[in-house]
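Please look through the sequence and the model below before reading on, and keep both at hand while the text moves from a helix to the ligand.

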Amino acid sequence: MKELKIITPIISVAYDELSESDRKLVDAAREMTHNSYAPYSRFSVGAAILLDNDVIVTGSNQENVAYPSGICAERTAAFYAHANYPEARFRAIAIAARETSGEEIAEPISPCGACRQVLAEYEQLAGRDVKVILAGRDCIYIVPSVKSLMPLAFTDFN
Ligand code: THU
């Protein structure tokens, strides 16, 4: 018998400690929370993806009265990015959230399982780690890759 341990390395930083490029991505994600359509959950999420062509693609959560038809901010951004820049590869993603009526959430949120699955595939396509930046008001978490957020992910079997 052998025990395997999975470790997710997370660095917690203050906004000022981010690189200029990461700050820009966090700013874009925070800004995007204002474009969220979340009349049902009243929870607004913004995501910003940096591509290797230096374009930043943003997205917000978009809800629907038929609840499962809505989609998270991360997938809104990821699908837009690959639909419009199919040749470009993902480098990093920043995620921010706030109550629709209020200020940014104190602790960072982390992508749901479905978004992790989608991001894991774009990371695999990129052939290198995609940095995940989870922005809260009080601290910001930097996770080095999507796969470290989703260990043992189901990826393609070619
Ligand atoms: N949501 C996101 O957009 N991203 C996440 O990482 C977590 C949850 C959305 C889905 C739904 O519109 C609302 O936040 C409440 O769950």
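Which exposed residues does the face of α1 turned away from its buried side carry? This is a predicted model, in which local features need pLDDT of at least 70 and side-chain atom pairs count only at pLDDT 80 or more, while totals for chains, interfaces and linings use all residues. Residues are numbered from 1 along each chain as its sequence is written, and side-chain values use heavy atoms, with hydrogens and water left out.

Helix α1 covers residues 20–32, and its end C-alpha atoms are 18 Å apart, which agrees with the 18 Å that 13 residues should span at 1.5 Å a residue (the expected span being 1.5 Å times one less than the number of residues). Asp22, Leu25, Val26, Ala28, Ala29 and Met32 of α1 are buried, where buried means under 20% relative accessible area and exposed over 50%, with a 1.4 Å probe and protein chains only. These residues lie on the same side of α1, because they cover an arc of only 160 degrees around the axis, taken from the directions from the helix axis to the C-beta atoms. The face turned away from that buried side carries the exposed residues Glu20, Lys24 and Glu31.

Around the ligand, the residues include Ser41, Phe43, Val45 and Cys112, each with a heavy atom within 4 Å of it. By class, this shell has 7 nonpolar, 3 polar and 2 charged residues. A polar side-chain atom of Asn61 lies 2.9 Å from an oxygen atom of the ligand, whereas for Glu63 the distance from a side-chain N or O atom to a ligand oxygen is 2.5 Å.

How values were computed. A polar contact is a pair of N or O atoms within 3.5 Å; within protein, one must be able to donate a hydrogen and the other to accept it, and residues adjacent in sequence count only if both atoms are side-chain atoms. Ala, Val, Leu, Ile, Met, Phe, Trp, Tyr, Cys and Pro count as nonpolar, Asp, Glu, Lys and Arg as charged, and the others, Gly among them, as polar. Helices (H or I, at least four residues) and strands (E, at least two) are DSSP runs, numbered from the N terminus.
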